[in-house]
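User: Please take a close look at the aromatic side chains in this model and at the residues around them. I would like one connected account, with the cut-offs behind each term.

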Amino acid sequence: LLLTKYIFYGKEKMRTYVCWMSGPLFSVSLLVGITWFIWTFLRDENEWNDAIQIYDAEEAGCGPDFDKYPHCEGDKANGVCFEVSSSPPNIHFPPGCNTTCTRVYDECLNPFVLWVGP
């Protein structure tokens with residue numbers, strides 16, 4: 001932004017130039033926010049849900065925490081008792097494995113940071 005000021009508006013005062021920038025910067029941020037919101041609800045793969053959280057946690061290298069949920073250990077990927085597919089986002093729970101087992105990845109915040117980022 002400073003380079004643009006010095007190249008195109010070199011004779012203008014910095015105070016005037018900064019006042020001009022508030023409108024375009026706000027418009028761009030509004031456009032990016034609306035685009036992200038539309039992208040989120042465009043397909044199921046883009047929404048933040050348990051299946052996406054678990055799939056991304058496994059991809060990010062987060063291990064499951066069986067201290068609070070020891071009954072969730074199993075022979076599936078990463079030692080959990082359920083299977084996750086990313087497209088479409090789905091979690092398959094075999095008999096003896098319930099929905100509380102998805103909480104073994106609750107301590108892993110890396111997938112959310114990656115999902116919400118640009």
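Analyst: What follows goes through the ring pairs, then the residues around them, and ends with a salt bridge and a cysteine.

This is a predicted model, in which local features need pLDDT of at least 70 and side-chain atom pairs count only at pLDDT 80 or more, while totals for chains, interfaces and linings use all residues. Residues are numbered from 1 along each chain as its sequence is written, and side-chain values use heavy atoms, with hydrogens and water left out.

A search of the whole structure finds 8 aromatic pairs, where rings of Phe, Tyr and Trp (for Trp the six-membered ring) pair if their centres lie within 6.5 Å, and planes under 30 degrees apart count as stacked, over 60 as edge-to-face and the rest as tilted. One of these pairs joins Tyr 9 and Trp 20, whose ring centres are 5.4 Å apart with the planes at 70 degrees, so the pair is edge-to-face. Because Tyr 9 lies in the loop between helix 1 (2–8) and helix 2 while Trp 20 lies in helix 2, the pair ties together parts that are 11 residues apart in sequence; helices here are DSSP runs of H or I with at least four residues, strands are runs of E with at least two, and both are numbered from the N terminus. Tyr 9 is partly exposed at 35% relative accessible area, and Trp 20 is partly exposed at 41%, on a scale where buried means under 20%, exposed over 50% and partly exposed in between (1.4 Å probe, protein chains only).

A further pair, Trp 48 with Trp 115, is tilted, with 5.6 Å from centre to centre and 40 degrees between the planes. This pair links distant parts of the chain, as Trp 48 sits in the loop between helix 2 and helix 3 (50–60) and Trp 115 sits in helix 4 (residues 110–116), 67 residues apart. Trp 48 counts as partly exposed at 29% relative accessibility, whereas Trp 115 counts as buried at 14%. Ring pairs also bring Trp 36 and Phe 112 together with Trp 48 and Trp 115 in a cluster.

Not counting residues up to four places away in sequence, Thr 40 touches Asn 46, Glu 47 and Trp 115, contact meaning heavy atoms within 4.5 Å. A polar atom of the Thr 40 side chain also lies 2.8 Å from the backbone oxygen of Trp 36.

Elsewhere, the count comes to 1 salt bridge, defined as a side-chain nitrogen of Lys or Arg within 4 Å of a carboxyl oxygen of Asp or Glu. Glu 45 forms this bridge with Arg 43, and their closest N and O atoms are 3.7 Å apart. Glu 45 is partly exposed at 27% relative accessibility, and Arg 43 is partly exposed at 48%.

The cysteine is Cys 62, in the loop between helix 3 and strand 1 (83–85), and it is buried, with a relative accessible area of 14%. Leaving aside neighbours within four places in sequence, Cys 62 is in contact with Ala 57, Tyr 105, Cys 108 and Asn 110. The C-alpha atoms of Cys 62 and Ile 52, which are 10 residues apart along the chain, are separated by 13 Å.

Key. A polar contact is a pair of N or O atoms within 3.5 Å; within protein, one must be able to donate a hydrogen and the other to accept it, and residues adjacent in sequence count only if both atoms are side-chain atoms.
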